[in-house]
Amino acid sequence: MNHIVSGISFPAIRGIQAGHEYYIVMCPLKRLKKIFTLDESMLAESDKAQRVLNHSRIPQIAHYIHSNRLDYTFSAITACIEGQTYFEPIAAEGHGNKIGNLVVDEDAEFYLTDGQHRSAAIQQALEQDPALGDETISVVFFVDKNLKQRQKIFRDLNLYPIPANRSIAVLYGSTPEENLTNHVVEHSEFFNGVVEFSSRISKRSAKFFMHSSVHAACMELCPHVTEKSWQQHAEKAVEFWDELASNLPLWQQAKNHQIKPADRANYVLFSAILLKSFAMFGNELLAEHTNWKPFLKKFQGINWARTNKLWMERCFNKGRMDHSVHSALLTLNALKQHLQLPLNAEQQKVEDKFLGIKK
C-alpha cells in the first residue's frame, strides 16, 4: 500500500536478491548531484558506509570522460535508500509486474555505496560539458537499509572484485600511448614472443618482460604522442628496440632459449628498471643524434651480471631490483658514462649526490 504523500519517481526494473527487492534505474547524469547530497566525510568512521573520497582520482576520471567522449563506459553505481519507497508496476502479472516506477519519499536519504568517485567525476565533467547531462548511468538501489546493512553491502561489493592487471588494460586500450605500445609489442622482432600479458611472469616462463613494463618504457622513449603522431613514433620505437636488442647478446640468447629462465635472474638486463633506463637513454639519443645506431654497439661490452658493482645501489639494492625513478636515473647515468656521454644538469646532480660529492 502506498503511504507516500510526496516523493521522487524513477522508471525502474524490480529484481530480487537474497529474498529482498532491489531496483535498477537509468539516472540522467545531471540528476546525480540532486540525489546524492549527503556528505559522509563529515561523519565519524564508525558511522560511514563508504571509503574516504580520494580527490586525486576525480580529475583523472573526468579526463577519461572527455578523452573518450564518444565511447566512454561506466558500470552501474550502487546506492541505498533509507526511508519509505513504493514500487508501481505497469502490470499486475508477467514481465510488466517487474517494470514500473520506484517512488521514494522526499524525506528519504540516498547513500552512495559503490561509485562515489564516478559520481564526483561526472559532476566535474558536467561543469565543462553540460551536454553530458542528458546521458544516463544505471543505478542499483537497495531500499530500506540502515547503516549496518549499508556497511555490509559496501564490504560485500568490494570483497571479491579483482581489478584488471595493468598489462591487460594496456593491451585492450586504444589511447595513442596504448596503441603505440601494442604496435611495438606486435611488430618488434625482439619483443614479439617475449612479452607476458598476465599478472606475473613465472620462473619457468619463456617470457621475460611484462606488457606493462614495455608500456612504461615506451612512454619514456616517446613521451609526447598524439592521435596523429603515435604511428610515426611507434615505427621509430620498433627501430630503436630492435637495434638495441641486436647489441645485447644476452637478450638474443634468452630469446633463442640458450639461457634458462631461472638463470635470467642473475642479470639486471631482464628487469623492468633496465628497460625503463634504456628508454630514457633512447629518448635523449634519438633527439640529439641523427646517426644514433653506432652508440648502441658499445653496450656489447657491459657486464650485466647482478654481481657487477656498477649496478649496486643504482638499480640493484639490498638483494632486490629497485624500480624507483631515482634508481632509473642512476642506471641511466651508468649507461651514459659507459658510452662516455656527458650527463645533463639534473643527471649530474643525482650522480653527485649518489657519490657523496658536495658542491
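Student: Which residue lies over the face of Tyr111, and at what distance from the ring centre?

Tutor: This is a predicted model, so local features need pLDDT of at least 70, side-chain atom pairs count only at pLDDT 80 or more, and totals for chains, interfaces and linings use all residues. Residues are numbered from 1 along each chain as its sequence is written, and side-chain values use heavy atoms, with hydrogens and water left out.

Arg150 lies over the face of Tyr111, at 3.4 Å from the ring centre. The rule for a charge over a ring is that NZ of Lys or CZ of Arg is within 6 Å of the ring centre and within 35 degrees of the ring normal.

Lys152 is found in helix α4, residues 147-157. Helices (H or I, at least four residues) and strands (E, at least two) are DSSP runs, numbered from the N terminus. Lys152 is partly exposed, at 49% relative accessibility. Buried means under 20% relative accessible area, exposed over 50%, and partly exposed in between, with a 1.4 Å probe and protein chains only. The C-alpha atoms of Lys152 and Thr113 are separated by 9.8 Å, and the two residues are 39 apart along the chain.

Next, the aromatic rings. The structure holds 24 aromatic pairs. Rings of Phe, Tyr and Trp (its six-membered ring) pair if their centres lie within 6.5 Å; planes under 30 degrees apart count as stacked, over 60 as edge-to-face and the rest as tilted. Phe191 and Trp241 are edge-to-face because their ring planes stand at 70°, with the centres 5.4 Å apart. This pair links distant parts of the chain, 50 residues apart. Phe191 sits in the loop between α6 (176-187) and β8 (195-196), and Trp241 in helix α8, residues 230-246. Both Phe191 and Trp241 are buried.

Now the empty space. Rolling a probe the size of a water molecule over the atoms shows where empty space is left. The search uses a 1 Å grid over the protein atoms alone. A cavity is a set of points where a 1.4 Å probe fits but cannot get out. A pocket is an open set with protein on both sides within 12 Å along at least five of seven lines. Lining residues have an atom within 4 Å of a point. Grid points are joined across faces, edges and corners, and a volume is the space filled by probe spheres set on the points.

The largest pocket holds about 940 Å³ of space. Its lining has 25 residues, and Gln60, Ile61, Tyr64, Thr73 and Phe74 lie nearest the centre. Helices α2 (57-67), α3 (116-128) and α6 each supply at least two lining residues. The largest share, six residues, comes from α2. By class, the lining of the largest pocket has four nonpolar, 14 polar and seven charged residues. Here Ala, Val, Leu, Ile, Met, Phe, Trp, Tyr, Cys and Pro count as nonpolar, Asp, Glu, Lys and Arg as charged, and the others, Gly among them, as polar.

The second largest pocket has a volume of about 610 Å³. It is lined by 21 residues, with Ile201, Ala265, Phe270, Ser271 and Arg306 nearest its centre.

One cavity of 30 Å³ or more is counted. The largest cavity has a volume of about 30 Å³. Leu29, Ile65, Tyr72, Phe74, Ile122, Ala125, Leu126 and Leu132 line the largest cavity. The largest share of that lining, three residues, comes from α3. The cavity lining has eight nonpolar, no polar and no charged residues.

Last, the cysteines. A search of the whole structure finds zero disulfides, meaning pairs of cysteine sulfur atoms within 2.5 Å. The sulfur of Cys80 is 15 Å from the closest cysteine sulfur, in Cys27, too far for a bond. Cys80 is buried, at 0% relative accessible area. For Cys222, the closest cysteine sulfur is in Cys218, 6.5 Å away, again too far for a bond. Cys222 is also buried, at 6%.
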